[in-house]
Amino acid sequence: MSTPLLDRTAQTAVPVLDVLAGRWSPRAYDSVTPIDEAKLAAALEAARWSPSASNTQPWRFVVARRGTELHARIVAALLGFNREWAGNAAVLIAAFAEQSDAEGNPRPWAQYDLGQAVAHLSVQAHSDGLFVHQMGGVERDQLAALPGAEERFAPVSVIALGELGDPSALSERLQQRESAPRTRRAIAETVIASA
């Protein structure tokens with residue numbers, strides 16, 4: 001599907017890498033084109049090589065392709081308006097943080113490391129022409145019941161991944177969100193102390 005690309009490049013205060021300025025989280029996904037398996041593999045490989053405290057790698061993913069029962073189960077676990085659009089994504093990935101190791105030792109950095117892994121996945125996917133949208137509005141109990149989700153793996157989020165779709169296929173409310181200006185608070189409000 002050929003969809004006109006909206007220019008969503010961030011207007012940064014100082015220059016950053018093009019792939020970072022250009023990355024954004026759409027809601028309009030192509031509902032027909034299957035995932036490019038090589039690009040999906042590259043995104044997962046980027047996550048695999050993200051930084052990890054003591055190389056513990058406390059992230060786990062359940063990867064579900066559109067059209068499968070697993071994909072439908074993840075869609076069913078989404079809350080609110082995420083259900084309106086996310087099911088069109090070629091892939092949904094449930095992201096888990098390994099809160100403790102197999103022996104029960106806690107890993108308090110697990111969610112931090114999971115966030116880094118997903119960030120690497122996101123940047124690689126965007127570099128390869130795919131789009132990622134992360135969602136925290138999920139029913140965690142339903143994600144915890146997915147195959148492979150051990151009790152020590154805390155469900156954190158769901159990631160939509162795929163080709164960009166036509167924003168006009170979205171509801172009017174979501175079309176407005178899709179085209180709204182991108183904003184972030186100023187650096188001065190983020191850096192709370194600097195010497």
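## The β1–β2 pair

How many bridges join β1 to β2? Seven of them do, and the two strands run antiparallel. One spot to look at is V62, whose bridge partner in β2 is A94. Keep in mind that this is a predicted model.

## The sheet as a whole

Zooming out, β1 and β2 belong to an open sheet of four strands, in the order β1-β2-β4-β3, with antiparallel pairing. The edges go to β1 and β3 (131-135), each of which pairs on one side only. On average, neighbouring strands here are turned by 25° against each other, if you ignore direction.

## Helices on the sheet

Two helices are worth a look here. α3 lies across β1, β2 and β4, and runs at about 115° to β1. Helix α5 (residues 110-127) also packs on the sheet, where it touches β1, β2, β3 and β4. The direction of α5 makes about 155° with that of β2.

## The buried side of α3

Which residues of helix α3 (residues 69-76) are buried? They're H71, I74 and V75. These residues sit on the same side of α3 because they cover an arc of only 105° around the axis.

Key
Residues numbered from 1 in each chain as written. Predicted model: local features only at pLDDT ≥ 70, side-chain atom pairs only at ≥ 80, totals over all residues. Heavy atoms only, no water. Buried < 20%, exposed > 50% of the residue type's maximum accessible area, 1.4 Å probe, protein only. Arc of directions from axis to C-beta. Pairing = 2+ DSSP bridges. Axes fitted to C-alpha atoms, helices over the stretch in contact; angles between N-to-C directions. Contact = heavy atoms within 4.5 Å.
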